[in-house]
Amino acid sequence: MSDSQLKPEGTLSLQTIAMPADTNWSGDVFGGWIVSQMDLAGAIHAERFTQGRCATIAINQMTFLVPVKVGDVISCYTKILKLGNTSIQMQIEVWDSHDSSRAAKRVTEGVFTFVAVDVKGNKRQISEEVKQKYLESQAV
Ligand SMILES: CC(C)(COP(=O)(O)OP(=O)(O)OC[C@H]1O[C@@H](n2cnc3c(N)ncnc32)[C@H](O)[C@@H]1OP(=O)(O)O)[C@@H](O)C(=O)NCCC(=O)NCCS
């Protein structure tokens, strides 16, 4: 399937605009800036889902497919792949819509793992209620 036929997968968790301060000397946006937007998007989804604080424990896979330019609007889509006792593995895709006249394209994708933590930063169990909600969402 070509990229133009693909659609974003998951929940739109964050949208922002690439600014001049986020670029390198070639005018392309730093990979690290994109990773931090993905991390924020994943944390927003993980914290809403587990009803509490979460910390990033691992970034298992990252692919930068296309460069992002200043002024591009990026949208981060997050999808839970696996729910453990304390961890959430999440697929995060970044789509770029330069302007409304062109179709959005997928620019980056990665798999992040977050751990549910308490106020002291110690890991906490994900509740049975949250696990049940996840199982029900998978059954649809
Ligand atoms: C998050 C933290 C409290 C977890 O404590 P811990 O004792 O290391 O936790 P564990 O080794 O028991 O792992 C917790 C969960 O993460 C999973 N995990 C651990 N390492 C992993 C890795 N490299 N990749 C994917 N999952 C991982 C475990 O499988 C476990 O999942 P489960 O409970 O669902 O089965 C601790 O590692 C920490 O504070 N890390 C720093 C987090 C941080 O500051 N992040 C911001 C980046 S600077």
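Which exposed residues are carried by the face of α2 turned away from its buried side?

Modeller: This is a predicted model, in which local features need pLDDT of at least 70 and side-chain atom pairs count only at pLDDT 80 or more, while totals for chains, interfaces and linings use all residues. Residues are numbered from 1 along each chain as its sequence is written, and side-chain values use heavy atoms, with hydrogens and water left out.

The face in question carries Glu 128, Glu 129, Leu 135 and Ala 139, which are exposed. Here exposed means over 50% relative accessible area, buried means under 20%, and partly exposed lies in between, with a 1.4 Å probe and protein chains only. Helices (H or I, at least four residues) and strands (E, at least two) are DSSP runs numbered from the N terminus. On the buried side of α2 are Val 130, Lys 131 and Tyr 134. Viewed down the helix axis, these buried residues fall within an arc of 100 degrees, so they line one face of α2; the arc is taken from the directions that run from the helix axis to the C-beta atoms.

The length of α2 can also be checked. The helix comprises 12 residues, 128–139, and should span 16 Å at 1.5 Å a residue; its end C-alpha atoms are 17 Å apart, which agrees. The expected span is 1.5 Å times one less than the number of residues.

The ligand comes next. Its shell has 13 residues, and the closest are Thr 56, Asn 85, Thr 86, Ser 87 and Lys 123; a residue is near a molecule or strand if one of its heavy atoms lies within 4 Å of it. By type, the shell divides into four nonpolar residues, eight polar and one charged. In this scheme Ala, Val, Leu, Ile, Met, Phe, Trp, Tyr, Cys and Pro are nonpolar, Asp, Glu, Lys and Arg are charged, and the others, Gly among them, are polar. Strands β2 (54–64) and β5 (105–116) each supply at least two residues of the shell, and β2 gives the most, with five residues.

Several atom pairs can be named at the ligand. A polar side-chain atom of Lys 123 lies 2.5 Å from a ligand oxygen atom. A side-chain N or O atom of Ser 87 is 2.7 Å from an oxygen atom of the ligand, and for a backbone N or O atom of Asn 85 the distance to a ligand oxygen atom is 2.8 Å. A polar contact is a pair of N or O atoms within 3.5 Å; within protein, one must be able to donate a hydrogen and the other to accept it, and residues adjacent in sequence count only if both atoms are side-chain atoms. The ligand taken alone exposes 970 Å², of which the protein buries 44%; accessible areas come from the Shrake-Rupley method with a 1.4 Å probe, and for residues only the protein chains shown count as cover.

Individual residues elsewhere complete the picture. Ala 116, in strand β5, is buried, with a relative accessible area of 0%. Thr 63 belongs to strand β2 and is partly exposed at 30%. In helix α1, Leu 40 is partly exposed at 46% relative accessibility; its C-alpha atom is 23 Å from that of Ser 137, 97 residues away in sequence. Gln 51 sits in the loop between α1 (31–50) and β2, and is exposed, with a relative accessible area of 55%. Most residues other than glycine have a negative phi. The phi of Gln 51, however, is positive, near 55 degrees. Finally, Pro 67 lies in the loop between β2 and β3 (73–83), and its C-alpha atom is separated by 34 Å from that of Gly 52, 15 residues apart along the chain.
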